[in-house]
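Q: Could you walk me through how to read a few features here?

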Amino acid sequence: MQYDLVIKNGTVIDGSGMPRYRADVGVRRGKIVTIGRIREPAREVIDAEGQVVAPGFVDGHTHMDAQIFWDPIGTSSCYHGITTAVMGNCGFTLAPCAASDKHLVVRNLQRAEDIPPAAMEAGIKWNWTTYPEYLAALEALPKGINYASYVGHSAIRTFVMGERAFEATATEDDLQAMQRQVRDAICAGAIGFTSSRSPSHETPEGRAVASRNATWDEVRRLVGVMGELNAGLFEIAGEGVDRNAGDPGVREWHTRLRDLALESGRPITFGVFGRRGSPGTWKKYLDLLDETAAMGGRMFAQAHSRSLSALLSFKTQMPFDHLPLWKDIRALPIDEQKRRLRDPELRPRLIEASGAQDGRKPLGTEARLADYDWLFVFDTVEGPHRSVAEVARERQQHPAEAMIELALEKDLDLFFLQPVANEDQDVALQIMRHPRTVTTFSDSGAHVSQLMDSSLQTHLLYHWVRTKQAFTLERAVSMLTLAPATLWGFHDRGLIREGMAADIVVFDPDTIMAEMPEVVDDLPAGARRLVQRTRGVAATVVNGEILLREGRHTGALPGRLLRGPLAQST
Ligand SMILES: [Zn+2]
């Protein structure tokens with residue numbers, strides 16, 4: 001047989017969780033066709049001696065919806081072994097929506113997910129109204145990795161109700177129109193329906209995003225459409241009941257989720273994180289997964305491999321940005337800021353002002369006011385990271401002054417980490433270990449100047465496998481491949497096996513590691529974002545073509561739109 005690609009001499013970790021073995025992997029027409037000793041010629045050969053050959057990683061929680069239009073390879077996810085990304089989470093999709101109403105949909109995404117509106121305006125060619133038209137637009141885009149998309153509640157509600165979506169209860173006519181939209185989307189290939197009831201999700205004007213104005217009954221009616229079709233998952237950013245210790249609303253919320261899983265028969269999924277403000281609530285979520293399963297419903301939670309942290313720097317956001325005096329300084333060009341931060345007259349005034357209140361209610365990964373025991377100097381990827389409080393004590397300085405000086409020493413190229421959830425790593429590990437969770441939730445494409453969670457998959461491999469030995473490499477690979485591919489319904493991905501799509505990552509388990517993030521201004525309209533690369537990944541293969549070699553894009557764009565089961569069967 002003539003092969004398109006042969007990956008030779010590698011150690012296959014096939015995604016099933018079973019032990020590794022040595023073999024060559026032969027690829028033809030986008031599929032894995034042979035696993036064994038391959039002697040025949042190939043158009044391309046990757047020598048994987050000393051490397052692991054694993055299925056490409058699947059990320060079930062991204063917000064690449066806007067980014068896919070200007071960044072076909074899906075940075076930074078593609079650098080971390082991701083070959084398939086699920087977008088449209090938390091109710092936010094760009095369809096259904098007419099071009100003339102796009103400001104309404106963009107409003108839902110802009111603050112909740114920190115995607116710059118100027119980038120969206122300049123970068124997206126809006127040539128659809130309906131969801132099926134939108135999928136056709138995605139199909140036509142050049143893509144480096146595979147993408148699948150949900151249909152979002154906020155988009156559907158805005159499409160049907162217009163401005164009323166942001167304040168009113170839906171009428172029976174509205175409900176039926178929304179149900180039709182869910183049906184059309186699922187039949188065209190949306191892989192499910194998503195919504196948000198999260199207090200983190202506001203518009204720039206401080207109003208609730210459209211889906212948060214829905215009654216629970218509306219949510220049930222829309223998920224019920226998927227029940228009738230017997231297709232699709234339901235993803236939801238949950239109510240704020242997990243934020244306060246002992247919130248009596250937790251049980252009531254959990255009962256609603258459980259009952260919805262039972263009545264619809266569709267899988268329900270959401271993120272679960274430990275929270276410093278409500279210790280132990282995460283455990284109730286894990287119990288809910290077991291309880292629902294025992295009663296005959298399907299539900300799985302999305303876990304994160306480390307703390308969710310806002311990434312701060314003077315080149316992006318700092319805790320002081322909205323404080324009096326600071327606000328004016330932070331609005332200046334960066335060189336001017338450096339001069340002011342060094343100014344001996346101004347410095348003490350800035351330090352004094354650092355203790356003020358700004359009256360804001362930061363959302364998601366927006367910087368919080370400084371709590372210096374929970375603010376860490378992010379000077380290496382793997383850490384340990386020392387708190388600003390500790391460093392300041394050692395330097396006998398005010399913590400704000402220590403932050404200024406440390407940053408100036410690095411020409412302001414210094415990051416600080418501000419954990420906003422999953423602070424306790426023992427808790428993070430227990431959530432990941434629960435059999436009904438899947439490690440995902442990078443949020444890639446969102447929070448583009450605030451977060452670096454595209455690396456959560458590689459973090460699992462270098463931190464939890466190599467450093468902590470909390471998982472075998474076989475188990476960790478399975479957690480990133482077969483588990484999400486199965487849960488999201490990508491039946492021909494997530495395994496190294498004959499007949500499967502050739503999405504493959506070749507990496508060195510001894511050196512794989514995220515690099516330090518960088519601040520770049522490469523978004524459309526010059527908007528800013530963080531990029532984080534990886535070392536130790538020799539090659540990433542998508543549908544049989546090499547997308548990246550040693551972290552560099554080969555120019556190939558082999559990614560596909562993966563449609564849901566109803567579209568596949570027609
Ligand atoms: Zn999300």
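Q: What describes two packed helices?
A: The angle between their axes and the distance between those axes. In this predicted model, the axes of α7 (residues 249–264) and α8 (residues 281–295) come within 10 Å and cross at roughly 30°. Axes are lines fitted to C-alpha atoms, for helices over the stretch in contact, with angles from 0 to 180 degrees between N-to-C directions. Helices are DSSP runs (H or I, at least four residues) and strands likewise (E, at least two), numbered from the N terminus. That makes α7 roughly parallel to α8 (angles under 35 degrees count as such).

Q: Which residues of α7 and α8 meet?
A: Contact means heavy atoms within 4.5 Å. On the α7 side, W253 and L257 are among them, and on the α8 side the list includes Y285 and L288. By class, the contact has eight nonpolar, three polar and four charged residues.

Q: Now the metal: what coordinates the zinc ion?
A: Donors are N, O and S atoms within 2.8 Å of the metal (3.2 Å for Na, K and Ca); water is not among the atoms, so sites may look incomplete. Here H61 (NE2), H63 (NE2) and C90 (SG) coordinate the zinc ion at 2.1 to 2.4 Å. H63 lies in the loop between β6 (57–59) and β7 (82–87), and C90 in the loop between β7 and α1 (102–110), so the pair ties together parts 27 residues apart in sequence.

Q: Is H63 buried or exposed?
A: Buried means under 20% relative accessible area, exposed over 50%, partly exposed in between (1.4 Å probe, protein chains only). H63, at 0%, counts as buried, and C90, at 4%, counts as buried too.

Q: What about numbering and confidence?
A: Residues are numbered from 1 along each chain as its sequence is written, and side-chain values use heavy atoms, leaving out hydrogens and water. Local features need pLDDT of at least 70, side-chain atom pairs count only at pLDDT 80 or more, and totals for chains, interfaces and linings use all residues.

Key
Parallel < 35°, antiparallel > 145°, perpendicular 65-115°, else oblique. Nonpolar A, V, L, I, M, F, W, Y, C, P; charged D, E, K, R; others polar.
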